[in-house]
Amino acid sequence: MMWRAGLQALLSHWKRSPLQLAMLLLGLSLATALWSGVQAVNAQARASYDRAAATLGRDRLDQLVAADGNVFSQEVFVDLRRAGWLVSPVLEGDARFGTTRIHLIGIDPLTLPAEAQQVELSSNDDLISFMTPPGVMIVSEATAARLSGLDTPPLRISKDVPADTAIVDISAAQRLLGKPEQVSRLIVAPEQPLSQTPLADVAGTLVRKAPDGEGDLARLTDSFHLNLTAFGMLAFVVGLFIVYSAIGLAFEQRRPVFRTLRSLGFSAKALTGLLLAELLFFALVAGVAGVVLGYGIASLLLPDVAATLRGLYGADVPGVLSLRPSWWAAGVGIAVGGTLVSAAQSLWRVWHMPLLAPAQPRAWARASESALRIQALAALGLFGLTAALAHWGSGLVVGFSVLAAMLMGAALALPVLLAILLSLMQKQARGPLSFWFWADSRQQLPGLSLSLMALLLALAANVGVGTMVSSFRLTFTGWLDQRLAAELYITARTEDEAARLRTWLNPRVEAVLPIWNTEGDVRGQPAQIYGVANHATYRNNWPLLQSVPDVWDRVASGNSAIINEQLYRRDGLKLGDTLTLPGGWQTQIAGIYSDYGNPLAQVMVGVDALSQHYPEVSRLRYGVRLNPAKVPALREDLGRDFDLPPQNMVDQAAIKQTSLDIFEKTFAVTAVLNVLTLGVAGVAMFASLMTLSGMRLPQVAPLWAMGLTRRSLVWLELARTMVLAVLTMVAALPVGIGLAWVLLAIVNVEAFGWRLPMHLFPADWARLGGLSVLAALFAALIPLRRLARLAPTDLLKVFANER
Amino acid sequence: MNVRRILLSLVLMLYAPVAMAQGFAGLGTAAEGFAVPKPGTVFQFPADHGAHPDYRIEWWYLTANLTGSDGKPYGVQWTLFRSALKPGETDPQIWMGHAALTAQVQHFVAERLARGGIGQAGVSTGVKTQPFLAWIDDWAMTSTVTDNTADTLSKLSLSASGKDFRYDLKLDAKGPIVLQGQGGYSVKSAAGQASNYYSQPFYTVEGTLTLPQGPVSVTGQAWLDREWSSQPLAENQTGWDWFSLHMDSGEKLMGFRLRDGGEGYTSATWIAADGTPTPLPPGALKVTPLNTAKVGERTIPVEWRVDVPSRNFSITTKALNTQSWMATSFPYWEGPINFTGSHSGRGYLEMTGYR
């Protein structure tokens, strides 16, 4: 009976202030939603990387590969089998069907260990047609749709095959890739016979590679997901600010109730227990709502994320979200955890509250003022840490730690700075009213500081990310102009057609530039090796970051190479270093060029040297230089004379557009998260102002009694809110610029391998400042309306009240 | 893995319970374009020791009854199967190896698969320095004959290995090659399905077995079966019980029963100690299960009475190891046996199609 009465007394508070309840639930569910939404996107992507990494048991089984990373003769496979090695050959490579590029994985179903089995061949006929010409390509449904109508071997659909990939018999792969009797690697079965000849005696050119649990995709995209996680975390922290202030307020306002309950015989334990139960209930409700909302956010983000991952890394992530049960647990868990963290201080106070303690908000506020000193020290410490990490640390995690330390330091420093500013203003003030204005603002600061911190974080993130994205866009667009110098890019369908195209084009255009490339391992990582023609196009345009004086002559001579920034930064190379290319070809590094948007290492060598060292290199792609006005006519002629499909002739503008689209998509996710974070900060501000307006009656009533109209009181309140919002915005600027610097100079370098120059965009800041003032205005609107409509009797009541 | 199951069913198509569409279509249909055994064919050796890619399936099937230096009995099986995926093309052919080593309480099995044409497995004959070689991976049956006039299979070395066993044996034939059925034409059903079939049952053996507990040197006798064909079993045939028996008297008996739910179809060849074969008419051989053993979930007859009344032959067989289960992708029972009764000796028993 007593429990029920106690619970009723506690809950009645929410009935009287439904808005506060709404704030609490909203804050909590928003925080949970952003967090779990981002986690969902990450989980979805990771699951698909794991699938890719698990292709043919690569994550579980050892592999034998050639030391130089190249394909090798299947005789090596036979020799190993006959020496007692249970290995199974795989030949991988990209094949073109029409204009569609498909990654072929050729397997030997007879020797493939059960652990590496990818697709089921469930009948005699399946196996016979798979192994005998023309073979069967096992593909996903989407890939089958892309290939329909093209000249391919018969297709079979399996859901276990990654997108744009086909599993074929190794003999078919050798045929389709033009690599007769070649294999790219051998899978080592987990169970080997009792005796076998040592590997070195049979196949000295092969090395044994341990299983790769992570896979290339997971490694490449790590940084991208860390980025998302950091944003999710930021949003969650901002959301917790709301929860913290809502809970703090609710407890503060219920002090009289607590006191009464305790006086009536409730033990501190029982009271805390009841409050805890109440909070847990809210956390559960908000957690579930948050997960549902998070699902919505994730479904919204996923198509863009999937497009980015495909465009940037070639990773195949389904654009449709699959619901995982683990989310519900994680989402609700984080909501409960967040609530408990936010409520810990308040609960502790209730637990230790003296039985007859008076309700004393002012004293609490004073205590907060003294806490400012500690806060200032903590902020200084964090800034010190930021500087130290930025100076001595390295790695992506350190990059994000720098961000976290800087943002937290800035958030903690904000109330300190504002307090100092306000007391300075107070000293400058003339006349009692302005003196009161500044003094009262200071008095309000502790109550508002949390939401101001949230606002600061959101604004700084906005400034920082905005600056980073805009700097990137500016650099990227300029770089595209340099890099895509040729007016038209042509892909032939066969080597024979390529040869005819060259002859046909030569008299008609200014230059035909081969874009021939091969792939292989360079310094232990997958790399692209491009051949570059000795032509002014490159000398004049190619975006070199560093180079030796006669770089292009050296490249053309065949004894030097230029490498992309990613390879240069990742491996700490410098000009003049010797680089070993697949097959043992030694070259010197003569230049470094920027290569945005490419996750892989890239090397450029003279085209003659390329075809000399790699005679099998594909000679299908060309850049064509000509008067831009003649491009449409040339396209038409090519279509007529060669029946070349339009997809095989792409003009510069189209490529630029595609690149920019990928770029925009990459940052679309960031932008959405940014807006959401700002929204959460707005809600936090609103919650705080709502709270304060309720508490402020005792402060405002005497002024009203002294003759100020309610109208001028409202104006004063509004002015205060605006002053604080503008000050916060001003404080956010340097923090945001710092953030942008960390993103550009540390995080991007670690994550993508390139460093970008920073550009500043004051116009954007002005717009953001306007937005934040507007947000503050909206946040202040309801509390002010309430003040404006306050009945004089309510103001009078203050004097009749216990206080 | 399903692929293996399919392959085995391909290889065993002739005798396995695979319901084939053509059923009893038999001889005239030329088995979907593959060559078909014909009565009256005279084998040409050593060429016929090699592969017959025109036929759908073929095997080199060797079993050995051995005694170790530790006094214990052992059994060894070495089998290479060939199966053609399509008629008319020499490749792709699929090769499959089964190896087993049986002791009283242990039974080790290994299985290998390979495609033909790349050198991973095959059978080569007629090379001067290497007159006969059948191999898959590191397993090999190699002719060690140096004398031009001798049959190339008369001296062999044999090896195979698995995760936990290995064997290396030398074989020496003390008798001639034996043609089964009518001059090598062995009928498999009342409807006339048949195979080409000959044996070399007169090997003496010596060599080494490597077991988890260490090497054991062994001696004993071995039996090689060579068979090739293209036609499947009749639709109602569900499996078989196959005996190869070395009698202490030096005589041999090959006999099998193809089960069809009723009487079954039995066939046998009585081989005199000098190698002279006498094909027995269908039904002359009677086999009766006496006792069963549980092998996993299956109930397998491991004790048999084998009667050939016309030869006053009546024996009871006992398995050396009742758990001689070939846990390959298409599992069957195959292991060494002893027999007593009117005659005594040892041999091998193979049983398929028990559930």
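Guide: Let's start at Pro134(A), which sits in the loop between H4 and strand E5 (137-139) of chain A. The model is a predicted one, and in it the peptide bond from Pro133(A) to Pro134(A) is cis, with omega near 5°.

Helix H4 (124-131) and helix H3 (74-82) of chain A each give at least two residues to the side of chain A that touches chain B. Across the whole contact, 25 residues of chain A meet 25 residues of chain B. Sorted by class, the chain A side holds eleven nonpolar, nine polar and five charged residues.

Now step over to chain B, where there is another cis bond to look at. The peptide bond from Phe45(B) to Pro46(B) is cis, with omega near 10°. Pro46(B) belongs to the loop between helix H2 (30-33) and E1 of chain B. Leaving aside residues up to four places away in sequence, Leu62(B) touches Trp78(B), Met141(B), Leu158(B), Ala222(B) and Leu224(B).

As for chain B as a whole, it has two helices and 23 strands. Of its 355 residues, 52% count as buried. Among its contacts between residues at least 6 apart in sequence, 55% join residues at least 24 apart.

Asp137(B) has a positive phi, near 50°, and is a residue other than glycine. Its place is the loop between strand E6 (132-136) and strand E7 (139-143) of chain B. Asp137(B) counts as buried because 27 other C-beta atoms lie within 10 Å, where 20 or more are needed. In chain A, Glu181(A) has a positive phi of about 60° although it is not a glycine. Glu181(A) lies in the loop between helix H6 (170-176) and strand E8 (182-183) of chain A. With 14 other C-beta atoms within 10 Å, Glu181(A) is partly exposed. For context, most residues other than glycine have a negative phi.

Let me finish with a helix pair in chain A. Helix H13 (residues 396-428) of chain A packs against helix H23 (residues 710-751) of chain A at an angle of about 165°, and their axes are 10 Å apart. That angle makes H13(A) roughly antiparallel to H23(A), because angles over 145 degrees count that way. The crossing of H13(A) and H23(A) is right-handed. From H13(A), the residues that meet H23(A) include Leu396(A), Gly399(A), Phe400(A), Met406(A), Ala410(A) and Leu421(A). On the H23(A) side, Leu724(A), Thr728(A), Ala731(A), Gly738(A), Ile746(A) and Glu750(A) are among the residues in this contact. By class, the contact of H13(A) with H23(A) has 19 nonpolar, three polar and one charged residues.

How values were computed. Residues are numbered from 1 along each chain as its sequence is written. Chains are lettered from A and ligands numbered from 1 in the order in which they are written. This is a predicted model: local features need pLDDT of at least 70, side-chain atom pairs count only at pLDDT 80 or more; totals for chains, interfaces and linings use all residues. Axes are lines fitted to C-alpha atoms, for helices over the stretch in contact, and angles run from 0 to 180 degrees between N-to-C directions. Helices (H or I, at least four residues) and strands (E, at least two) are DSSP runs, numbered from the N terminus. Angles under 35 degrees count as roughly parallel, over 145 as roughly antiparallel, 65 to 115 as roughly perpendicular and the rest as oblique. A crossing is left-handed if the near helix is turned anticlockwise from the far one by less than a right angle, and right-handed if clockwise. Two residues are in contact if their C-beta atoms, placed from the backbone, lie within 7 Å. Ala, Val, Leu, Ile, Met, Phe, Trp, Tyr, Cys and Pro count as nonpolar, Asp, Glu, Lys and Arg as charged, and the others, Gly among them, as polar. A residue is buried if 20 or more other C-beta atoms lie within 10 Å of its own, exposed if 12 or fewer, and partly exposed in between; C-beta atoms are placed from the backbone.
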